[in-house]
Structure formats: structure tokens, C-alpha cells
Amino acid sequence: MDRRNFIKNGGILLGATSLDFSKTNLDIKKKIKVGLIGCGGRGTGAAFQALEADPDVEIVALADIFPAQLEAALASLKEAHKDRVNVPEKRKYIGFDAYKKLIASNVDVVLLTSPPSFRPDHLAEAVKEGKHIFLRKTNGCRCTRRT
């Protein structure tokens with residue numbers, strides 16, 4: 001082996017041995033913390049689907065304009081998935097700015113299921129905060145085409 005290859009291979013070996021693989025996510029099971037914005041029927045359905053998609057999903061925050069709608073969604077989710085729905089009072093966000101508070105909380109994924117007119121603002125905020133996003137599509141265009 002010549003000097004050039006010795007130095008090259010030695011550098012590669014030295015670099016590889018300095019890597020710390022003990023803290024990688026390869027073997028670590030981590031709960032995926034999900035927040036729901038828009039607690040109506042379709043939003044609650046999306047939360048159910050998220051819980052059924054992966055056993056490591058946990059609903060940790062809810063946001064809605066209407067308190068009764070939020071409480072109904074929470075009750076429904078807890079009834080079916082008691083051990084994977086952990087939404088204390090401090091992570092129940094009510095009002096027109098509730099989405100900002102939820103997105104700023106410690107969630108990994110945001111389910112955006114509010115009415116279509118609110119979603120652009122919610123989406124922009126979630127992107128700005130670097131969250132993973134599920135955005136429910138609309139029910140199609142309700143506009144009429146004029147010729």
C-alpha cells in the first residue's frame with residue numbers, strides 16, 4: 001500500500017470510529033405527538049385515522065373555535081383510545097387564535113381540518129414553525145365557471 005492510500009484509508013477509518021451511533025433513532029421508539037386543529041366530525045375522523053395508522057401516535061393537543069365541539073371530539077377520542085389521548089386543560093385551545101397556540105406547542109404533526117377558508121393561514125403558520133402537516137383537502141370547487 002502506498003502512502004497516499006494509507007493516509008486516505010486511515011482518514012476514513014478515523015472518521016468512522018469517531019461517529020456516535022448510540023443516539024440515532026434507529027432503535028428508539030418515540031411517540032408521535034399530534035395536534036388537531038378543527039374538532040368537527042371530519043377533524044375527529046382524521047384524528048381517529050392517525051391513531052389507527054401507527055401505535056406510536058398520541059393526540060396531545062386540540063384547537064377549535066367552539067369549546068363544545070372540542071370537548072365532544074376529546075370525549076369521542078378518549079372513549080376509543082383512552083391510553084393514547086393525552087390532552088390536559090392547558091393544551092385545549094379555544095378561539096380564532098387557537099391554531100397559533102397549538103402549532104407553537106410541542107407537537108410533531110398538525111392535522112389541519114378546519115373549514116377551507118381558515119386553512120391557508122393555518123398552513124402558513126405550521127410551515128413557518130416547521131411542523132409536519134396533514135392538510136385535509138376541500139370537498140371540491142364550489143365555484144361556477146362562467147363563459
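Predicted model: local features only at pLDDT ≥ 70, side-chain atom pairs only at ≥ 80, totals over all residues.
A residue is called buried when its relative accessible area is under 20%, exposed when that area is over 50%, and partly exposed in between. By this rule D97, at 37% relative accessibility, counts as partly exposed.

**Strand β2 and its partners**

- Strand β2, which covers residues 57-64, has eight of its eight residues buried, so this strand is largely enclosed by the rest of the structure.
- Strand β1 (residues 32-37) runs parallel to β2 and is joined to it by six bridges, and within this pairing K33 has E58 as its bridge partner in β2.

**Nonpolar cores**

- In soluble globular proteins, nonpolar side chains tend to be buried together.
- The largest nonpolar core in this model has 19 residues, and those with the most contacts inside it are I59, L62, V85 and L111.
- At least two residues of this core are supplied by each of β1, α2, β2, α3 and β4 (109-112), while the largest share, five residues, comes from α2.
- Leaving aside residues up to four places away in sequence, V85 touches L51, I59, L74, L77 and K78.
- There is also a second, separate core of 13 residues, which includes Y99, L102, I103 and L112.

**Helix α2**

- With 13 residues at 1.5 Å a residue, α2 should span 18 Å, and this agrees with the model because its end C-alpha atoms are 18 Å apart.
- The buried residues of α2 are G43, T44, A46, A47, F48, A50 and L51, and these residues pack against β1, β2, α3, β4 and β5 (132-135).

- G95 is found in the loop between β3 and α4 (98-104), where it touches D64 and I65, not counting residues up to four places away in sequence.
- Although G95 and I65 are 30 residues apart in sequence, they are 4.2 Å apart in space, C-alpha to C-alpha.

**Salt bridges**

- Side chains of opposite charge can pair when their charged atoms come close.
- The structure holds five salt bridges, and in one of them the side chains of K92 and E71 meet at 3.1 Å, N to O.
- This pair links distant parts of the chain, since K92 lies in strand β3 and E71 lies in helix α3, 21 residues apart.
- K92 counts as buried because its relative accessibility is 16%, whereas E71, with a relative accessible area of 38%, is partly exposed.
- The side chain of K92 also meets that of E89 in a salt bridge (2.7 Å, N to O), and E89 counts as exposed at 59% relative accessibility.
- E71, E89 and K92 are therefore linked in a network of salt bridges, in which K92 is the buried residue at 16%.
- The side chains of K101 and D97 meet in a salt bridge of 3.7 Å, N to O, and K101, like D97, is partly exposed, with relative accessible areas of 41% for K101 and 37% for D97.

How values were computed. Residues numbered from 1 in each chain as written. Heavy atoms only, no water. Buried < 20%, exposed > 50% of the residue type's maximum accessible area, 1.4 Å probe, protein only. Helix = DSSP H or I, 4+ residues; strand = E, 2+ residues; numbered from the N terminus. Pairing = 2+ DSSP bridges. Core = buried A, V, L, I, M, F, W, Y, C linked by side-chain atoms within 4.5 Å. Contact = heavy atoms within 4.5 Å. Expected span 1.5 Å × (residues − 1). Salt bridge = Lys/Arg side-chain N within 4 Å of Asp/Glu carboxyl O.
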